[in-house]
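Thanks for asking me to look this over. Here are my notes, point by point, to read alongside the structure.

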Amino acid sequence: MARRAKLILQAAAVLVVALLVALLGWKVAEQEEGRGLSAALERGERPHPPPLTFETLDGDETISLADYRGKAVVLNFWASWCQPCKKEAPMLQETWERYRDEGLVVLGIDAQDFRQDARRFVERYELTYPIAYDGNGKSLGRFGNTGFPETWFVGRDGRLVGEHIIGEFDEEQLEENVQAALTTATR
Amino acid sequence: MRRALLVGALLALSLVAAAGASEQKPTLAELERELICPTCQTTLELSNAPIAERMRSFIRARIAAGDTKSEIKASLVEQFGESVLAAPPKKGFNLLAWVLPLAGAALALGLLAFALVRWSRARPEAAEPAPASANGGPPLDPELERRLDEELARYDG
C-alpha cells in the first residue's frame, strides 16, 4: 500500500513538473514568435501577423486583422501617454483619408492605457480610423513590440510587408511603407 | 494557557480590524505595493513610467471619491486585466497560485511526520541492545565466552 502511494505521489510530482515545463515552453515560444516577425521582415520574408482579435475602443464590437483581408493595413500601436504618438496621430489620420478609397485601413491599437484617456486622445486629434483597445497589452508580446509607438504594415494578402518601425516614423517612411502595402497582390 | 488563547484572539481581532480599515480607507502607498505597472512589470511603487504616474493620479482621485480598495482594484482590472494585480485573485485558475504552495507545504509536513513515525518505530527493533552480561558490562564475544566456559570447567574439574 505504501509502495503504491509512493508511486502515485511520484507520478503526480512528475506531472506537475511536466505541466510547468510545458507552460514555460509555451510562454517562450509565444515571445519568440514576436521577436521572429521583425527578424523575418529584415530577411525579406513576409510572415503572417499573429491572428489577434481586439475589442474596439468603445467596447461594443471586435476587430480582427482577418476582417481586413484584401486591404492594406497600417497597424499602429499607441497609448495616450506616449509623446511620439501625439505627433504620429495627425499623419495617420491624413494617410487614412488620402488612401482609404484605394483600399488602405489604418488600425490603431491602444494598449496599456486607460480607455477614457484613449477616448480623449481620439477626440482631440479627431481620429476617424478604427481603434482597437488592448488594455493589458497582450498583443504587444505577440508582435514582439517593446515600446510605443511601433508600426507594422500588412499587405492585401494578409502578410506583413515593408518595415517594422520602432519609435516615431516620419512622413516619408510612412508613405514608402504604405505604398509597399498597397501594391501587394491580393493573393 | 488561557492567557495565550486570549492574546491570540486579541491579535486576530486587531488584524481583522486593520484589514477592514485598509479595505474601507486604502492609502496610495499600500495600493502601490499591490499593483503592477503594465509597461515595466514592477510594482507601482518602483515605477516612474508615464502610465504608472497616470495610475497613481487615478488612485488618488478614487481614494478622494471614497472608493474602497476592492473597488479601486476592480476598476483597474477592468482597464488593464488581472495582470495589474501583484497577487492573483483567490478564485478560478488563479486559486492554484494560493493553494499549490500551501498544499506543497502540507504534503511536505505530512511526509516528514510519516518519516518520523516510521523512523521512531523502526529504531527500537534495529538498534535493540544485546543482553547485558551478569555484571552489567558489555557482552562477551561468543568465542571468548566458549573458551572461558571451558577454562572454568577445567578449573572446577
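1. A word on domains before the rest: the bounds used here come from an automatic or database domain assignment. For chain B, that assignment gives domain 1 (15–87) and domain 2 (90–118). Please keep in mind throughout that this is a predicted model.

2. On secondary structure, chain B has six helices and zero strands. Read from the N terminus, its elements run α-α-α-α-α-α.

3. Taking contacts in chain B between residues at least 6 apart in sequence, 42% join residues at least 24 apart.

4. Nonpolar side chains tend to be buried together in soluble globular proteins. Here the largest nonpolar core has 56 residues, and the members touching the most others are V73(A), V74(A), L107(A) and V154(A).

5. I would take a closer look at V73(A). Setting aside neighbours within four places in sequence, V73(A) is in contact with L65(A), Y68(A), V105(A), L107(A), V154(A) and A181(A). Two of these partners, L107(A) and V154(A), are also among the residues that touch the most other core members.

6. Finally, the contact between the chains: seven residues come from chain A and 10 residues from chain B. On the chain A side, the residues divide into two nonpolar, four polar and one charged.

Technical notes
Residues are numbered from 1 along each chain as its sequence is written. Chains are lettered from A and ligands numbered from 1 in the order in which they are written. This is a predicted model: local features need pLDDT of at least 70, side-chain atom pairs count only at pLDDT 80 or more; totals for chains, interfaces and linings use all residues. A nonpolar core is a set of buried Ala, Val, Leu, Ile, Met, Phe, Trp, Tyr and Cys residues joined through C-beta atoms within 7 Å. A residue is buried if 20 or more other C-beta atoms lie within 10 Å of its own, exposed if 12 or fewer, and partly exposed in between; C-beta atoms are placed from the backbone. Two residues are in contact if their C-beta atoms, placed from the backbone, lie within 7 Å. Ala, Val, Leu, Ile, Met, Phe, Trp, Tyr, Cys and Pro count as nonpolar, Asp, Glu, Lys and Arg as charged, and the others, Gly among them, as polar. Helices (H or I, at least four residues) and strands (E, at least two) are DSSP runs, numbered from the N terminus.
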